[in-house]
Amino acid sequence: MDGIQERTAEQELPYNVFAKACPSRGTLEHVTGRWGGLTLGALYEGPLRFNELRRRVDGVSEKMLSQTLHALERDGLVHREAQPTNPPRVDYELTPLGRDVAERLLSLIHFVEGRMDDVLAARAHYDTTRGAL
């Protein structure tokens, strides 16, 4: 493509994650960030209460999980259901859009997990040839 065709193709895209001001960039960050991806993956298994989710996503702080859930809820990926009980019960589950995103994300997660032997070998080779950091 020449320069004119490239600009025309870019202008036809309603959203462009590579553009700094594009709102899709924020959603991509929420989905692919450390806690967002793990939260979506955990909720793919079914609805969870906050503390169940926190136990499932090992290592996340209460504050970070809360912030992550708020961002994912705002993006329409997670639904928060508060039950009027005493004590209050709050469940989180994926929306249909969240399920679609989580499926794609889990595909990547499973791919990475399946290739960890290769990753670990590459790390060992790198550390051997370049010195451990």
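Predicted model: local features only at pLDDT ≥ 70, side-chain atom pairs only at ≥ 80, totals over all residues.
Take a look at Val 78. Beyond its close sequence neighbours (those within four places), Val 78 is in contact with several residues, including Leu 40, Leu 43, Leu 69 and Tyr 92.

## The sheet

Val 78 also has a spot in the sheet: its bridge partner in S3 is Leu 94. The sheet is open, with 3 strands in the order S1-S3-S2 and antiparallel pairing. S1 (48-49) and S2 (78-83) sit at the edges, each pairing on one side only. Between S2 and S3 (residues 89-94) there are 6 bridges.

Helix H3 (residues 34-43) packs on this sheet and touches S1, S2 and S3. The direction of H3 makes about 95 degrees with that of S3.

## Salt bridges

The count of salt bridges comes to 4. One of them joins the side chains of Arg 56 and Glu 45, at 2.7 Å from N to O. Arg 56 is in helix H4 while Glu 45 is in the loop between H3 and S1, so this pair ties together parts 11 residues apart in sequence.

Another links Asp 91 and Arg 89, at 3.0 Å from N to O. Is Asp 91 buried or exposed? With 15% relative accessibility, Asp 91 counts as buried, whereas Arg 89 is partly exposed at 35%.

Definitions and conventions. Residues numbered from 1 in each chain as written. Heavy atoms only, no water. Pairing = 2+ DSSP bridges. Helix = DSSP H or I, 4+ residues; strand = E, 2+ residues; numbered from the N terminus. Contact = heavy atoms within 4.5 Å. Axes fitted to C-alpha atoms, helices over the stretch in contact; angles between N-to-C directions. Buried < 20%, exposed > 50% of the residue type's maximum accessible area, 1.4 Å probe, protein only.
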